[in-house]
Amino acid sequence: MIMKRLLLSAAALALSTGLAHAQFTDGKVKIGVLTDLSGTYSDLAGQGAIVAAQMAIEDFGGKINGQPIELISADHQNKADIASGIARKWYENEGVDAIAELVTTAAAVAVREVAREKGKIDLNSGAASTPLTNDKCSPTGFHWTYDTYAMAVGTGDAVVKSGGKTWFFLTADYAFGHNLQAQTERVVLANGGTVKGSVKHPFPNADFSSFLLQAQASGAQIIGLANAGADTINAIKQAKEFGIVAGGQKLAGLLVFITDVNSLGLDIAQGMVLTTGFYWDMDDGTRAFSKRFAERMKGKMPSMVQAGVYSQVTHYLKAAAAAKTDEGIKVADKMRELPIQDFFAKNGKIRADGRMVHDMYLAQVKAPSESKGPWDYYKVLRTIPGDEAFQPLSMSTCPLVKK
Amino acid sequence: MTSANPAIAQSGGLTPQRILVFGLLALGLIAPFGVYPIFLMKGFCFALFAAAFNLLLGYVGLLSFGHAMFFGFSAYVTAHAAKEWGLTPEIAILLGVATATVLGAVTGWLAIRRSGIYFAMVTLAFSQMMYFVAVQAPFTHGEDGIQGVPRGHLLGLIDLNDTLTMYYFVFAVLVASLLFLHRIVNSPFGQVLKAIRDNEPRAISLGYEVDRYKLLAFTLSAALAGLAGSVKSLVFQLASLTDVHWHASGEVVLMTLLGGVGTVFGPSAGAFLVVAIQDYFSGIGSWVTIIQGAIFVVCVLLFRSGIVGVMAPMLKRRGIQA
Amino acid sequence: MMTIFGIPTQALFGQLLLGLINGAFYAMLSLGLALIFGLLNIINFSHGALYMMGAFVAWLFLNLLGVGYWWSLLLAPIVVAAFGILIERTMLSRLYKLDHLYGLLLTFGLALIIEGAFRQLYGISGMPYAVPPELAGGWNLGFMYLPIYRGWVVVASLILCLGSWLLIEKTKLGAYLRAGTENATLVQAFGINVPMMVTLTYGFGVALAAIAGVLAAPIYSVNPLMGSNLIIVVFAVVVIGGMGSILGAIITGFMLGLVEGLTKVFYPEAASTVIFVVMSIVLMIKPAGLFGKGN
């Protein structure tokens, strides 16, 4: 009997974890922020993404057609299986209507599969890979802030045109890294550059010395860093330690966030060219949001991923209010129908493949002497119009795109 | 590990035990109406994994530190077969189990030549090599894993996409496997295994070909661990590196130790408890790790025979009173 | 450019040198493990966690108390060793009469607790720890640019390993220790306080791990998980060298670093697995390890 009691108490334990909610979601709209709260990407997404979602809900009034809006969050640890498990539980058992943020391609794709099956909404801000709007696209899945295609069009193009013709890639060994490398290679080759080789490093990784040595031996002018977050930071720091920059080779961070620049410091990061979907110091709108954000985040300015979360959650709520339902497919249709007009995206629009098209910016990191204070890091070199920044629909392999 | 408690396994005919078994069966049948079925299915998969592992640790006295290779790799094979080749779930599972069996036979053949800590290290080494294969081989998709695996129709007829149907399928697999294990450990073959565990030289001197028995037990254990992994990949529609990582090998040791080494129900109870802890604390950072660690420490220091090992004597007393 | 088997010598030497640096860490850690196994018969799974603790204590010293690198190199091992001694006295000492596997499981649990606690407190993104100014910069060796700090790690490790080896092989204290490993009861009968010796040995092994941690802090960022993947490799090193063999642990540590470096030249992805291939081959052919006694 004790065995039985034990099993019963295990069952009770499971029940008490909040699994007992009804299967329907009437009476409220619930948004889940699923992100990296402890790992490599926690600085650029993480807690800041949750705060951004909270701000979006508060700014919306906390209610939608009289029904309360709820927010939950969890840490997917950048692991596909954990992300998939949480998403399934949220959609099936906790009445979550939309999952936002989703940094790390492996996790994002895992959630996309579950969301598609359940007919629920997933809103990507942090994950970068283009398959999310190509063969993995879904009628209820959206890709908001940026993607590897846009990064390549911005940074890759600028670096090749400024004379960096021969490349060697240091690539994070998972879908995102491979995708970013492939997209950048395409741009490099199209502009008459050559690729001398590449090496894949484990994700996440602490010691880049042996990979950097290979890059050095290749003799390429440019070492392209097809990774992100702490991996990029470590690679850049260690390249300095091993005298690679002093030796004449240049590093190109293919995906650099403002939080990375903040960790590296302007001394190391100055002069780097990068592509971003958002910079806090663009106009009154971006400054107003960023100031409010920073007040809640101990002075940290929002990264493009965090600002994107605010924009996507707000747009979702607008669409749900307009559609008067939280049923995934109906809200998704409404989201595609309505334009996006906020501090993040001017005249943004969502295409059939789920891509939110908006302007991107090519920026350069300021020298310490140019910077007027904390977080004054970028000068914007040019605005890349949305239609140029993102992959044209004619190239899309998404089955939802009618050709 | 040799001080395991075989009490429950051997006291087959006791009525209270029958009542317990039927009670648990009934509980299993009604459980999905009260508890989130995916959670239960996860528990079942790990219960089976732990029970398979226990066949080796509890009845042969061999601690494998590489069982994740069978669990995780068969998950990959099943997922691949179901997704890329479009095979029905039962064939996909069979392929997964077959892979684990072959892998078990080969690694076992080499590993059983060593014992104690060296056996643990050899199995760890093989498991690390298989992890490498899982990271590198194109079909496993590295860090992403195989995602969106279709559950399909059992025998082409029964739709497993329905959560309840899937639940009863997994439950049936678990019950059948536990029955099978119960039969094995109580068969003459099981008696020989226990003899080897308790005194190997003696078993040899009695004329048993110890290595053959060990290899057979190892292979069976690998096959059942593979079955658990295969089923898990269909439940979660995903096969990933987590299940081949050595942490998974450590986790199954924890489950078995917690539940009671060398008991039939112990590992299952331990598995359920560990899965419940993981589920309950999943939202709050690394508390899962800390609690699991604490359980290891408490188990080793205070009750080395595990929950069921401690409960069984009490249970027996009650049986006598009843 | 010269080449060997189509590989530029420059790259080859560079990778071998990096391998040697990694080997320096393997040697320090496996030396401690081997010492502990020799006398206590415990496979200390928490060794990686204690290595991580060494790095964290140094980081905390710097950021909370302003204690710099050189003092940390001395103080952090003392703090961590004290923690280790506490563990030995309260928990490990109860297990000496049982099967090895219980020690393994207990220390595995401890490793989970320690790592979990640091993860809970500091996340896993890692804390930067600056290279001490005395060791900043680098030398151009012709075939590669060697940061001075990494050179220092190899030198420090060699000194530590050699010192420990001399201590054990050439001093009276070491003789007691070796005798205790062979036959504790007999040594006890000669009036030597064996339990005390056991405790101190554990403390010493742990201190070695902590020193390695402090040395590692400026190279890898200080990260709660820095020990958890290393420990498995270091186990392999100890097993290959021969469990309990001091010299075996040191030599195998450096050697496997080199093997890894070599693999990085030819097949980089396999670098983390090659050690396990070596281990399984060694265990099949020479079960007691390369330097182990008996068969």
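1. In β9(A), the residues I222(A), G224(A) and A226(A) point one way and I223(A) and L225(A) the other, and all are buried (20 or more other C-beta atoms within 10 Å of the residue's own, C-beta atoms being placed from the backbone). In a regular strand, side chains alternate between the two faces of the sheet. Because five of the five residues of β9(A), residues 222-226, are buried, this strand is largely enclosed by the rest of the structure. Strands are DSSP runs of E with at least two residues, and helices are runs of H or I with at least four, numbered from the N terminus.

2. The model is predicted: local features need pLDDT of at least 70 and side-chain atom pairs pLDDT 80 or more, while totals for chains, interfaces and linings use all residues. Residues are numbered from 1 along each chain as its sequence is written, with chains lettered from A and ligands numbered from 1 in the order in which they are written.

3. β9(A) has parallel partners in β7(A), residues 166-172, through five bridges and in β10(A), residues 250-253, through four bridges. (Pairing requires at least two DSSP bridges.) I223(A) is the bridge partner of F168(A), and G224(A) stands opposite A252(A).

4. In chain C, 33 residues are in contact with 31 residues of chain B (C-beta atoms, placed from the backbone, within 7 Å). On the chain C side, α4(C), α9(C) and α11(C) each give two or more residues, and α4(C) supplies the largest share, 15 residues.

5. Residues 99-118 of chain C, placed by UniProt (unreviewed entry) among the features named "transmembrane region", are 95% helix and 0% strand, with end C-alpha atoms 30 Å apart. UniProt annotations may be inferred rather than shown by experiment; positions follow the numbering used here and feature names are shortened.

Technical notes. Contact = placed C-beta atoms within 7 Å. Buried ≥ 20, exposed ≤ 12 C-beta atoms within 10 Å, placed from the backbone.
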